[in-house]
Amino acid sequence: MTKILTVCLGNICRSPMAEGIITHIARRENLEFEIDSCGTGGWHAGEKPDPRARQYMKASGIPIDHLRARQIRESDLDYFDHILVMDNSNYQNVLNLCKNDAQRQKVKLMLSYWPESPIQEVPDPYYGGEEGFAQVFYLLENAALNFVKSLK
Ligand code: 4NP
């Protein structure tokens, strides 16, 4: 079974939204998969996703209230097959944890799955307004559609 991990900084905005969106699309495609998300930082461990992320996802028909934040651990790098990071800072932080090429090869920028994307990194919406969450959803949905297609 394919194992997918989405990664951002706090694990309360982008990566839980990515987890929800990928789950939604992969179920629709009858794919066998396991998925989780985490943050490179641990400040929000144990918390639900940010209220704005939960609100936007619920309004989009993909509630993520059940998710809880956690920090990345070294065992994730062996356990998961696909490690999808949101921005270049996440990418560097995860690569710094990698011990071998097999682990490093699993790490991809989420938006590398959407080559037509206007930007290459999923922007951190934490310090901005509601519109940031709409942009994150739009970027993640397009990348997730291609990512799930690539698994089939
Ligand atoms: P995320 O957003 O990485 O998309 O979950 C953030 C959430 C919290 C913080 C930074 C980014 N923070 O500094 O607390």
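Modeller: One cut-off to begin with: buried means under 20% relative accessible area, exposed means over 50%, and partly exposed is in between. Also, this is a predicted model.

Colleague: Fine. How many aromatic pairs are there?

Modeller: The count comes to five aromatic pairs. One of them is Tyr56 with Phe137, a tilted pair at 5.5 Å centre to centre and 55 degrees between the planes.

Colleague: Where do Tyr56 and Phe137 sit in the chain?

Modeller: Tyr56 is in helix α2 (residues 51-59) and Phe137 is in helix α6 (residues 130-151). They are 81 residues apart, so the pair links distant parts of the chain.

Colleague: Is Phe137 buried or exposed?

Modeller: Phe137 has 10% relative accessibility, and because the limit for buried is under 20%, Phe137 counts as buried. Tyr56, at 28%, is partly exposed.

Colleague: And what about Tyr113 and Phe147, what kind of pair is that?

Modeller: Edge-to-face, because the planes are at 80 degrees, with the ring centres 5.0 Å apart. This pair also links distant parts of the chain: Tyr113 lies in the loop between β4 (107-109) and α6, Phe147 lies in helix α6, and 34 residues separate them.

Colleague: How accessible are Tyr113 and Phe147?

Modeller: Tyr113 has a relative accessible area of 16% and is buried. Phe147 is buried too, at 0%.

Colleague: Which ring does the charged end of Lys3 sit over?

Modeller: That of Tyr79, with the charged end 4.8 Å from the ring centre.

Colleague: Strands next. In which sense do β1 and β3 pair, parallel or antiparallel?

Modeller: Parallel, over four bridges, with β1 covering residues 2-8 and β3 covering residues 82-85. Thr6 stands opposite Leu84 in β3.

Colleague: How many bridges join β3 to β4?

Modeller: Three, and those two strands run parallel. Ile83 has Val107 in β4 as its bridge partner.

Notes: Residues numbered from 1 in each chain as written. Predicted model: local features only at pLDDT ≥ 70, side-chain atom pairs only at ≥ 80, totals over all residues. Heavy atoms only, no water. Phe/Tyr/Trp six-rings, centres within 6.5 Å; stacked < 30°, edge-to-face > 60°. Buried < 20%, exposed > 50% of the residue type's maximum accessible area, 1.4 Å probe, protein only. Lys NZ or Arg CZ within 6 Å of the ring centre and 35° of its normal. Pairing = 2+ DSSP bridges.
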